[in-house]
Amino acid sequence: MTRLPQFLTGILICLCLLESCTSENDPNTSVIPTSDSLLLTYSDTTTLTAFIELDDTIRTDATERVLLGSMYDPVFGRCTSAFYSTFTISQSLNTELNTYTVDSVILTMRAEGGYGDLSKFTGYQVLEVFELTEDIPDAPIGGYNSTTSFDYNPVPLATYGFSPQFFPLGTEPSSIRIKLNPAFGNRFFATPNDTVNSANVRDYIKGIYVRINPTVTAMQSPGQGGMAYFKLNSDVSSLKVYYRKNSGTVTNILKFPMATTSNKRVNVFEHFDYVDADPALQTKLADTTNTIVSDKLYIQALNGIRIKVKMPYLMNYVDSGPIIVNRAEFVLPIDPTQDLHLYDEPDNLMAYYLGSDGLIHFMPDIPYTYYDSFLDPVTQQYKIVLTQYVQKILNGENIPSEFYFDIPVLAKYTDAFRMVLN
């Protein structure tokens, strides 16, 4: 069999073709009208043409958790994640006529796992905290995305080295605590008889920008680094200023939470144009016409890479008449040579198509109880049932016969999953 210059992956379709049926005793007597009879046909050779392409811009604001890290993936190359966040204030502060001393300023972020190499040495990261010099406005229609940027003071409030492994301490959940420059806290006490409250807190602190030091990213080797997950939508995540009145010895705490609904959070991701990616991946990305034979496909979260599938000959099934699809399932096997310990796979994939309105539409199969898109841990394959989708196309409905496989929408910007598929 001649191999076509395109990527073929498995599709299993059970089709009921309308054919004639007559009585066994009297072959001249029709039991079922010719137009209503059924003949079962099975096909596992439907041609698929699969591309990979850079993902569309995804919304990254107002998420429950953010990613922070630098990772040099041996297949996908370098990737970094940074974020912006604002603060509110949990109480009002009136400086009265007292003189105050700031003892320390601590930024605490609730940790929630990570992805990639999180070990002490090869996963080591150095973060930097900067102060924003402009307000983050209310999100525009469609929200902020991973290319968003805001102005900040280039002098860091803190530079902090850490390994992305966090453990609970007593009754406290796992978190990271970063000491900021204590002079940063003096602004809240600079004017006697002043008041800081929720109405004017942004006049004192507009927000922060947290990133990984670019020098660390440049020094990483393939396989090193990872992404840490932080839940900013947690009461633990906050900025605390520890202070005391000079006339007393009692330490007070001024708390600025990151978790309230009025706060803004925006994640930003960078893939450096995949210049450090595996040559096979670079070739596949450049092959926009899909004329180069390949035995690998790639998926990556964080505004990374998705799979686009075309079924150019699907309508050939109806050449002999109408079709009833009993089941259509797509099989996507994981490349077994990948390091699934460092780079584990998501539980399921998402299939969707772009409508004529330019918006993402989930497959019509999703509401049905038989729908499946989960990984089979035994065969290490994803079997994605798309029976209704194929049926509607064969019925002549206005649905495009090209669609996408991707990381599920709720994990595309809160998890760092990546996959190589055969």
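Student: Which residue of β11 is the bridge partner of Glu-128?

Tutor: Thr-159 is the partner of Glu-128 in β11. Keep in mind that this is a predicted model.

Student: How many bridges join β10 to β11, and which way do they run?

Tutor: Five bridges join β10 to strand β11, residues 158–162. The two strands run antiparallel.

Student: What about β14, how does it pair with β10?

Tutor: β14 covers residues 208–212 and pairs with β10 in the antiparallel sense. That pairing has five bridges.

Student: Why is β10 described as largely enclosed?

Tutor: Seven of the seven residues in β10, residues 125–131, are buried, so the rest of the structure largely encloses this strand.

Student: Which way do the β10 residues point?

Tutor: Gln-125, Leu-127, Val-129 and Glu-131 point one way. Val-126, Glu-128 and Phe-130 point the other way. Side chains in a regular strand alternate between the two faces of the sheet.

Student: New topic: cores. Which residues touch the most other members of the largest nonpolar core?

Tutor: Leu-281, Tyr-389, Phe-403 and Phe-405, in a core of 59 residues. Strand β21, residues 323–333, gives the most to this core, with five residues.

Student: What does Phe-403 touch?

Tutor: Leaving out residues up to four places away in sequence, its contacts include Ile-307, Val-309, Phe-330, Leu-386 and Tyr-389. Lys-308 is also one of them.

Student: And what lies apart from that core?

Tutor: Another core, of 42 residues. Among them are Val-105, Ile-212, Tyr-243 and Leu-254.

Terms used
Residues numbered from 1 in each chain as written. Predicted model: local features only at pLDDT ≥ 70, side-chain atom pairs only at ≥ 80, totals over all residues. Heavy atoms only, no water. Core = buried A, V, L, I, M, F, W, Y, C linked by side-chain atoms within 4.5 Å. Buried < 20%, exposed > 50% of the residue type's maximum accessible area, 1.4 Å probe, protein only. Helix = DSSP H or I, 4+ residues; strand = E, 2+ residues; numbered from the N terminus. Contact = heavy atoms within 4.5 Å. Pairing = 2+ DSSP bridges.
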